[in-house]
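Thanks for coming, everyone. Please have the viewer open while I talk.

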Amino acid sequence: MSLSLSTGVLDKLAERKADGGYLRICAPMVRYSKLAFRETCRAYGTDVAYTPMILSDVFKHSEIARAAEFRTTDRDDPVVVQFAASNAQDWADAAYLVAPHCSGVDLNCGCPQKWAIGEGIGCAMMEQPELVASMVRTVKDRILSSGVKLADGVSSPSTSIKIRLHDDVRRTIDFVKMAEHAGVDWITVHGRTRRQRNTEKVNLDGIKTVKEHSHVPIFANGDIFTKEDADATVEYTGVDGVMAARGLLENPALFAGHAKTPIAAVEMYTRLALGYGTNYFIMHHHLMMMTESSMTKADKKLFNALPSSAAVVDFLQDSYGIEFRSRPGWPFK
């Protein structure tokens, strides 16, 4: 899973800023932001992609978990590995293992699911700013003292956190300042609180306030479904980049300005997923979301009931005219 040469996230941000743009990021999504999907998004304007959230304690102890949870290639660049951890040791140990193969490590402080909060991870971390700051320092110190370099050749590890807003945004500002003081390199802010559902409107004013009080790059997350949404979020909040999750699941080409998933992107993802041996359930779910807007009700019913990868390939050939027997080896060659 080694990379021959990686681009740093902050280097990529500098490139975008020089062109008057902003960073476009694929969010960490449990089960779904895996390698085949990340590569597909990159082909359509995504600059940086995150892995799914990985449990640090399991990852560091289990070779099976490491093989299943993290896979990358030279094309998967820059990639940020997101971990969930409740203590500095677990995150530092896990970060040390992936450091040579990524451009940064991220701490999930925003997962609102009850099981995560019960384990003391995700949103539970938003109540412990001192602990998060200590974890950032520990991870940086661990990698620096070990002499291990990230895949971009930088000896100082790029360390980030992904957070949510507090009910009182002043608490979020204090949280961010403490993380900055600890040396965090950038912060992604999801514009909802831990108790808000994703059907509630994202709080752009909250994100804007955090950005105005920060000294590191701030990326906005929440309600990015089109390129126009991304542009408007940056213009209103002044953030340095935007991170999309559900929007990219429905349309991995959204950052390239496509209103819906191009057939070429459906073909690319399918070929990559088959080539990488992606779990059928995950591949099927991705394709269901990508093609939903272009299918009739009858086609959706038929597609949702397909039992195998072979059946999916047949369906896509018959319904979309994708010829999988042509261009053998593409996009790997």
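First, the ground rules. This is a predicted model, so local features need pLDDT of at least 70, side-chain atom pairs count only at pLDDT 80 or more, and totals for chains, interfaces and linings use all residues. Residues are numbered from 1 along each chain as its sequence is written, and side-chain values use heavy atoms, with hydrogens and water left out.

Start with the largest pocket. How much space lies in it? About 870 Å³. A pocket here is an open set of points on a 1 Å grid over the protein atoms alone, where a 1.4 Å probe fits, with protein on both sides within 12 Å along at least five of seven lines. Lining residues have an atom within 4 Å of a point. Points are joined across faces, edges and corners, and the volume is the space filled by probe spheres set on them.

The lining has 35 residues. Closest to the centre are Pro-28, Met-29, Arg-164, Ala-245 and Arg-246. Strand S6 (159-164), strand S9 (241-244), helix H11 (246-250) and helix H13 (280-291) each supply at least two lining residues. H11 gives the largest share, 4 residues. Helices (H or I, at least four residues) and strands (E, at least two) are DSSP runs, numbered from the N terminus. By class, the lining has 16 nonpolar, 11 polar and 8 charged residues. Nonpolar covers Ala, Val, Leu, Ile, Met, Phe, Trp, Tyr, Cys and Pro; charged covers Asp, Glu, Lys and Arg; the others, Gly among them, are polar.

Next, helix H12, residues 263-276. Its 14 residues reach 20 Å from first C-alpha to last, close to the 20 Å expected at 1.5 Å a residue. That expected span is 1.5 Å times one less than the number of residues. H12 is mostly covered, with 10 of its 14 residues buried. Buried means under 20% relative accessible area, exposed over 50%, partly exposed in between (1.4 Å probe, protein chains only). The buried ones include Val-266, Met-268, Leu-272 and Tyr-276. What covers them? After H12 comes Gly-277, with a positive phi near 70°.

Now the cysteines. How many disulfides are there? The count is 0, where a disulfide is a pair of cysteine sulfur atoms within 2.5 Å. Cys-109 is buried, at 0% relative accessible area.

Ser-103 sits in the loop between helix H5 (88-98) and strand S5 (104-108). Ser-103 is buried, at 0%. Its C-alpha is 34 Å from that of Val-312, 209 residues apart along the chain.

Thr-138 is in helix H7, residues 129-146. Is Thr-138 buried or partly exposed? Partly exposed, at 27%. Leaving out residues up to four places away in sequence, Thr-138 touches Ala-88 and Ala-92.

Finally, Ser-56 belongs to helix H3, residues 56-61. Ser-56 counts as buried, at 0% relative accessibility.

How values were computed: Contact means heavy atoms within 4.5 Å.
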